[in-house]
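Subject: Handover of a structure

Dear colleague,

Please find below the structure that I am passing on to you. A short account of the findings follows it.

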Amino acid sequence: MPKNNLVPLLSQLNLTPKNEHLIHNAFVHRSYLNESKDFEESNERLEYLGDAVLELIVSQYLFESYPDFQEGMLTNLRAALVRTESLALVATELGFPPLLLMSKGEEATGGRQNISILADTFEAFLGALYLDQGLVPCQQILEVHLLPQTKTILKTQAYKDNKSLLQEIAQARYKATPLYSLLTESGPDHDKNFVMQVTIDGKNYAEGQGKSKQAAQEDAAYHTLEQITKS
């Protein structure tokens, strides 16, 4: 049996799974398959499904809640809501880190705090929950733990493209254009992870990660904005 106890999580969310093994599977990082025979596959297929479930629920919520917003604005809002950091934060608040099933090596390198892994696991959890109980429980979880962030995103204008915002600020403050350099590239071809770093006027700023170079640049820009707006 898997060495994670889902009872507190399921109780917190008022869930009674029909197929508990399926829900457990949502927490299986691919590295775990090398050390255990409990599961035949990782959570990656569930993540694929959960990503679609997440996009549908968030899209419907924004469409119905903001009838005056045009497509571009709705798209930007959705992107801000489902960004890796947002999903990882929800996963952390729900207590996912100790529930992750991963190899000892992955855990030793900080896998339980890896925001990409946490975000992927949250999507996989939504995928498993959808298969087990349908769309409504997924909607209920997002209505409590994710969708309320919309008001904050609108208030802080966090829906704007971070790279564009950073470029505006960098040119105004430092008379320089941000540069992005690739630090690391890891993972198999179907699940790459990129780490990029921002440099402005010769000074290194924040790093960011994502499943594409563009996503990693956007993430790095976001964290750099946090740095320079506090200084």
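This is a predicted model: local features need pLDDT of at least 70, side-chain atom pairs count only at pLDDT 80 or more; totals for chains, interfaces and linings use all residues.

Residues are numbered from 1 along each chain as its sequence is written, and side-chain values use heavy atoms, with hydrogens and water left out.

Overall architecture

The chain holds 11 helices and 3 strands; these are DSSP runs numbered from the N terminus, with helices (H or I) of at least four residues and strands (E) of at least two. In sequence order the pattern is α-α-α-α-α-α-α-α-α-α-β-β-β-α. The radius of gyration is 19 Å, close to the 17 Å that the globule rule gives for 231 residues, so the chain is as compact as a globular protein of that length. That radius is taken over C-alpha atoms, and the rule is 2.2 Å times the number of residues to the power 0.38. Along its principal axes, the C-alpha trace spans about 60 × 45 × 30 Å.

Of the 231 residues, 46% count as buried (buried means under 20% relative accessible area, exposed over 50%, and partly exposed in between, with a 1.4 Å probe and protein chains only). Among contacts (heavy atoms within 4.5 Å) between residues at least 6 apart in sequence, 56% join residues at least 24 apart.

The nonpolar cores

A nonpolar core is a set of buried Ala, Val, Leu, Ile, Met, Phe, Trp, Tyr and Cys residues joined through side-chain atoms within 4.5 Å. The largest one has 45 residues, of which L9, F27, F96, F122, F125, L142 and L146 touch the most other members. Several helices each supply at least two residues of this core, among them helix 1 (7-12), helix 3 (44-65) and helix 8 (135-145). Helix 7 gives the largest share, 9 residues. Beyond its neighbours within four places in sequence, L146 is in contact with L54, V58, L81, S86, L87, V90 and I141. A second, separate core of 10 residues includes L166, A170, L225 and I228.

Individual residues

H145 belongs to helix 8 and is partly exposed, at a relative accessible area of 21%. Apart from residues up to four places away in sequence, H145 touches L13, V90 and L94.

S116 sits in helix 7 and is buried, with a relative accessible area of 13%. Its contacts, leaving aside neighbours within four places in sequence, are T84, N193 and Q209.

Two loop residues also deserve mention. N14, in the loop between helix 1 and helix 2, has a phi near 55 degrees, a positive value in a residue other than glycine; at 70% relative accessibility, N14 counts as exposed. D201, in the loop between strand 2 (193-200) and strand 3 (203-210), likewise has a positive phi near 55 degrees and is not a glycine. D201 counts as exposed at 62% relative accessibility.

Yours sincerely
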